[in-house]
Amino acid sequence: MRVGFIGLGNMGGPMALNIMRAGHEVTVYDIRREAATPHLDSGAKWADSPREAASHSEIVMTSLPGPRDVEAVALGQSGVAQGANPGSVYVDLSTNSPTVIRRISAMLKEKGVDVLDAPVSGGVAGAKRATLGVFVGGDEAAFRRVQPVLSAIGDKVSYIGPSGSGAIAKLVHNQIAICTNAVIAEAFTMGVKAGVAPDALFKAVRDGAFGQGNFLNMLPRVIFKGSFDRAFFALKLARKDLGLATEVAREFDVPMAVAATVEQDLIAGLVNGLGDKDATAAFTIQEDRAGVKVRSDQ
Ligand code: NAD
């Protein structure tokens, strides 16, 4: 297929090369022309603007820093909207705002162009090896049309739902990843300051229930079903363990803001009768605050 690729940075550069390797005809554009050198050396065509890249293509893709850049490239002067052909598909691979991509989608639909939000996960190594996860939102038929090109950049390509769904899925993923890093930092600073070597802590965490992936598996098995009554690990025990951990943190002067907040939630859960339910019932405290239930009957 004829593919326009805009934004040849750490992620976009290797993704565009992989699309070329898969046999597609690629036209590239970046505000830094030098970023296109490996692509032009391998036979890509250069476009002088996003509009020109789009006008030569059946699929035009962007991998740009953030919402403002995507909006400017998609809708701005000499942007994708000015060049895209009716029947073509615009795919944004950036980590972007669902509201921004929905607005772009509505505007391009008037020109007969389908828009997919398709943020990627897996880092620069995944981009180079074509092993990215790709989370796609938008029209499902348009997704099927571009699937061969998406398969050239990732081996875990999934259709998530209507416009904006891919962007939301990516933000859910990154919120978990980024905050988990902060929680791990709290725990390891507490553990090391209290006298245990980092390597020994790492082995313990890896070999324990968390490291074995049990917590992620709880989502479909327990939380989506709302079945908190059978206490595999009672909430009162979780409250006790977190209380012991924050006690150690106080003893060794380690700030643990996230742990302290979660401890308060667990105390409120105990007071509200959740103590003998499974510890995952703490999920319902956040559901009540957010006014939504996270349930699925699949
Ligand atoms: P980057 O800064 O390395 O690349 C962005 C590229 O866009 C640069 O080459 C830049 O010159 C170009 N660019 C900026 N404005 C432009 C414009 N108006 N027109 C044309 N080109 C323009 O960023 P990156 O790390 O490749 O990330 C790209 C996107 O992928 C971001 O949304 C990021 O959040 C997401 N992402 C990054 C990673 C990662 O590990 N780096 C992983 C997953 C997703």
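Begin by selecting the ligand together with I31, where a nitrogen atom of the ligand is 3.4 Å from a polar backbone atom of I31, a polar contact being a pair of N or O atoms within 3.5 Å. The model is a predicted one, in which local features need pLDDT of at least 70 and side-chain atom pairs count only at pLDDT 80 or more, while totals for chains, interfaces and linings use all residues. Residues are numbered from 1 along each chain as its sequence is written, and side-chain values use heavy atoms, with hydrogens and water left out.

Now move to H39, found in helix α2, residues 37-41 (helices are DSSP runs of H or I, at least four residues, and strands are runs of E, at least two, numbered from the N terminus). At 1% relative accessibility H39 counts as buried, which means under 20% relative accessible area, computed with a 1.4 Å probe and protein chains only. Its side chain reaches the backbone oxygen of G13 at 2.8 Å.

Finally, select helix α4, residues 67-75, where V70, V73 and A74 are buried. These residues cover an arc of only 95° around the axis, so they are on the same side of α4, the arc being that of the directions from the helix axis to the C-beta atoms.

Methods
Buried means under 20% relative accessible area, exposed over 50%, partly exposed in between (1.4 Å probe, protein chains only). A polar contact is a pair of N or O atoms within 3.5 Å; within protein, one must be able to donate a hydrogen and the other to accept it, and residues adjacent in sequence count only if both atoms are side-chain atoms.
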